[in-house]
Amino acid sequence: MNIEGRLQINLYPHAGSESRVEITSSRPLQVVKIFEGKRPKQVLATLPLLYSVCGIAQATAATRAFAQLLESKESRSVDVARDLLVTAETAREHLWRILLDWPQLLDETVDAQRIIPIQSLLQTLRTALFAESASFCLHSKLELDGELINELIDHLERVVGELVFNESLTQWLEIDDLTSLSRWVAQSSAISARALRRIIDDEWQTVGRCNIAPLPALSEANLHQQLGTADAEHFIAEPTWQQQCWETTSLARQAEHPLIASLQGEYGNGLLTRVTARLVELATLPEKMRTMTAHLTSPQTVAHSPSDKVGIGQVEAARGRLVHRIVMVGGLVSRYQVLAPTEWNFHPQGVVARGLAKLQTRDKAVLQRQAAMLIHAVDPCVGYNLKVH
Amino acid sequence: MCLALPAKIISIDATTDRAIVAVGDVKKEISLALVEGAKVHDFVLIHVGYALNKISQQEAERTLEIFAEAGLSGEKPA
């Protein structure tokens with residue numbers, strides 16, 4: 001049984017030129033059709049059960065789309081609170097990937113006891129924002145425990161510093177170019193430093209380097225144009241924009257950061273830049289959350305433009321941009337669409353396919369490891385089979 | 001589109017923190033590294049080889065009903 005679907009990635013090495021790469025997906029993208037014919041309340045009650053991975057980002061995109069569609073006047077502060085939860089969820093996903101996957105890629109043992117408290121932090125934050133009331137319904141109400149929210153953000157900052165960097169985030173974020181990063185990597189024993197050191201020692205900095213641009217902001221009009229057509233299912237399965245593939249990842253979001261810009265200048269979007277971008281993003285999230293808390297008491301309401309029975313909700317989830325589009329007729333959902341980041345990033349000609357095609361080594365075992373590291377660095381939200389032929 | 005499956009814990013190997021779980025009639029080995037205090041007969045959501053969190057039997061049954069409605073599975077939890 002494989003309800004959640006998988007990616008099948010076939011790599012056919014070709015010495016001296018680009019390798020051939022095939023990526024196919026069995027992800028059940030049409031599962032959202034079960035929402036059709038249902039009322040918004042039913043959808044919002046069912047959605048968290050269906051999408052429990054990145055469930056906060058999914059629920060946020062859905063409530064945004066419904067709020068727009070129904071032109072409900074939702075307070076800005078509720079929207080900020082949900083963004084705060086999405087940001088915490090992003091931190092959790094990054095931590096899980098770093099603490100679970102990286103030791104395996106380094107042939108080290110996972111220390112499970114260090115990972116467990118991260119999940120409960122997210123639950124406590126939800127309670128600190130909404131108490132016992134529903135956080136993802138059409139009229140959610142905040143019941144803020146400001147002191148607890150601040151304590152949780154401080155705690156997250158400490159946990160990330162201790163588990164990932166072996167130092168405070170403020171200190172680590174002083175690293176702003178390749179030279180200072182190299183110095184830190186050589187000195188530190190943190191899991192993040194060990195991962196970067198392995199990449200540098202193996203001279204894999206440019207592994208997977210390819211030309212692909214970060215997905216630009218897509219206006220709602222653009223999205224309606226793409227998703228409103230009869231064959232939108234094809235776009236959802238293999239999305240392109242302006243006849244091109246795009247990347248939507250931590251690297252796409254962190255491209256302007258001085259350290260990432262410095263690494264891009266030297267190694268392009270190769271493995272070192274890509275892995276470091278996840279670290280930079282994780283390190284900046286607690287401060288980002290602190291900035292967001294200032295808007296939790298905003299008296300403003302979110303202005304929704306008239307939507308002609310169609311609503312769109314966009315969220316920057318841990319793995320990239322997530323879009324929900326909902327059409328309603330007579331109070332019922334008549335069309336529900338989800339455009340997920342994995343479909344952009346694992347498009348048959350997308351960033352992973354192009355990066356894998358650039359791998360050049362005759363050693364099949366090395367090729368397998370390079371490919372696995374690149375796939376993990378981009379991070380699908382589903383299991384995959386990789387076959388090097 | 002990231003789905004997690006409800007599963008019932010059949011057995012636990014405390015030394016490796018791994019468990020055998022049942023999703024309908026299908027058994028899988030998963031890691032319990034991300035959940036605290038999981039016991040045999042508990043229900044958990046599993047994703048890519050890990051239990052993500054504990055859920056109630058009612059939530060497990062409701063989730064499988066939703067999957068069945070979506071044509072993904074008609075099986076009930078063990």
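Modeller: Let's go to the open sheet of three strands in chain A, ordered β3-β4-β5, where the pairing is antiparallel. A strand here is a DSSP run of E with at least two residues, a helix is a run of H or I with at least four, and both are numbered from the N terminus. Two strands pair if DSSP finds at least two bridges between them. On the edges sit β3 (310–317) and β5 (332–339) of chain A, each pairing on one side only. On average, neighbouring strands of this sheet are turned by 15° against each other, direction ignored; axes are lines fitted to C-alpha atoms, for helices over the stretch in contact, and angles run from 0 to 180 degrees between N-to-C directions.

Now zoom in on strand β4 (residues 320–329) of chain A: seven bridges join β4 to β5(A), and the two run antiparallel. One spot to look for is A:M328, whose bridge partner in β5(A) is A:V333.

A word on the model itself: it's predicted, so local features need pLDDT of at least 70 and side-chain atom pairs count only at pLDDT 80 or more, while totals for chains, interfaces and linings use all residues. Residues are numbered from 1 along each chain as its sequence is written, and chains are lettered from A and ligands numbered from 1 in the order in which they are written.

Strand β1 (residues 7–12) of chain A pairs with β2(A) in the antiparallel sense over six bridges, and A:N10 has A:E22 as its bridge partner in β2(A).

Finally, the two chains meet: 26 residues of chain A are in contact with 26 residues of chain B, where contact means C-beta atoms, placed from the backbone, within 7 Å. Helix α1 (residues 40–50) of chain A gives the largest share of chain A's side, three residues.
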